[in-house]
Amino acid sequence: MNYILLGPPGAGKGTQAKKIVEKFSIVHLSTGDMFRQAKQSDKAIASLMEAGKLIPDDVVVNMVKNRLKKDDVKNGFLLDGFPRTLNQAVELDKMLKTENIKIDAVFSIIIDNDEAVRRISGRRMCECGASFHVDFLPPKVKDLCDYCKKKLFQRADDKEEVVKERLKVYDAQTKPLIDYYTKAGLLVDIDGSQSESAVFDQISKFIANKK
Ligand code: ADP
Ligand code: ADP
Ligand code: ZN
């Protein structure tokens, strides 16, 4: 059971991923979370992320390659934020072939740019990867993570100018993957403007039927 979550910044990938991996006992592989860790000791990564630019493909691909060699992915995984360029998708296909792994579906969560900006401007994150929203999905206790009770923070790249850049990067580099995975017969369209629980139901039903 291996899945990919595709979608623009703010679409709800992280939010859904957290719930999906819990429900189906699979591993959450978020390249964004991995780089938020890495940026604490790597200035080059930090400056790219804070400018809303992508990390070079070779760096990302190597990181994912190493991660996919670990045993825990054998019971299934959910990729969140990877692949993000056509080249990354092609490299992923090569890795999967070598490791004899198949992707079951690619969930493409779509929202429009205005909604993306509304979501990102109110986003509050936890270091465990959980996402909340000050208005749309507030945590049970203000500023504390529902899952691990740590203090929430605002992402450095969630500032308005950087968000605009990230949406541009998404359109230019990541959107073409919709076509790529449609041609591969893997794409599942999800209307991300629905409520969080409606999106979750749709994805869960799809996975449950596939099992
Ligand atoms: P969002 O939740 O807004 O979609 P992520 O948390 O997935 O963003 O990613 C945050 C940042 O980490 C990206 O803007 C980029 O700088 C870097 N990053 C994450 N995944 C990738 C990737 N697959 N390729 C290149 N850069 C990436
Ligand atoms: P991504 O990982 O795709 O960048 P997140 O999961 O971090 O997106 O969600 C972006 C913001 O929108 C967060 O503040 C999150 O709480 C909120 N959010 C996620 N899904 C929904 C939804 N269906 N309706 C309203 N707000 C949502
Ligand atoms: Zn947490």
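Cys148 counts as partly exposed, at 30% relative accessibility. In this predicted model, Cys148 (SG) is one of the atoms that coordinate the zinc ion (ligand 3).

**Zinc site**

- The zinc ion (ligand 3) is held by the SG atoms of Cys126, Cys128, Cys145 and Cys148, at 2.2 to 2.3 Å.
- The arrangement is tetrahedral because the four donor atoms subtend angles of 98 to 118° around the zinc ion (ligand 3), and four donors count as tetrahedral if all angles lie between 85 and 135 degrees.
- Ideal angles for four tetrahedral donors at a metal are 109.5 degrees.
- Along the sequence, the donor residues follow the spacing C-x1-C-x16-C-x2-C.
- Cys126 sits in the loop between strand 5 (123-125) and strand 6 (131-133), whereas Cys148 sits in the loop between strand 6 and helix 7 (160-174), so this pair ties together parts that are 22 residues apart in sequence.
- Cys126 has a relative accessible area of 2% and is therefore buried, whereas Cys148 is partly exposed.

**Strand 3 and its partners**

- Strand 3 (residues 77-80) directs Phe77 and Leu79 one way and Leu78 and Asp80 the other way, and all are buried.
- Strand 1 (residues 2-6) runs parallel to strand 3 and is joined to strand 3 by four bridges.
- Asn2 has Phe77 as its bridge partner in strand 3.
- Strand 2 (residues 27-30) is likewise parallel to strand 3, with four bridges between them.
- Leu79 is the bridge partner of Leu29 in strand 3.

Methods: Residues are numbered from 1 along each chain as its sequence is written. Chains are lettered from A and ligands numbered from 1 in the order in which they are written. This is a predicted model: local features need pLDDT of at least 70, side-chain atom pairs count only at pLDDT 80 or more; totals for chains, interfaces and linings use all residues. Side-chain values use heavy atoms; hydrogens and water are left out. Donors are N, O and S atoms within 2.8 Å of the metal (3.2 Å for Na, K and Ca); water is not among the atoms, so sites may look incomplete. Four donors count as tetrahedral if all angles lie between 85 and 135 degrees; four count as square planar and six as octahedral if opposite donors are over 155 degrees apart and all others between 65 and 115; anything else is irregular. Helices (H or I, at least four residues) and strands (E, at least two) are DSSP runs, numbered from the N terminus. Buried means under 20% relative accessible area, exposed over 50%, partly exposed in between (1.4 Å probe, protein chains only). Two strands pair if DSSP finds at least two bridges between them.
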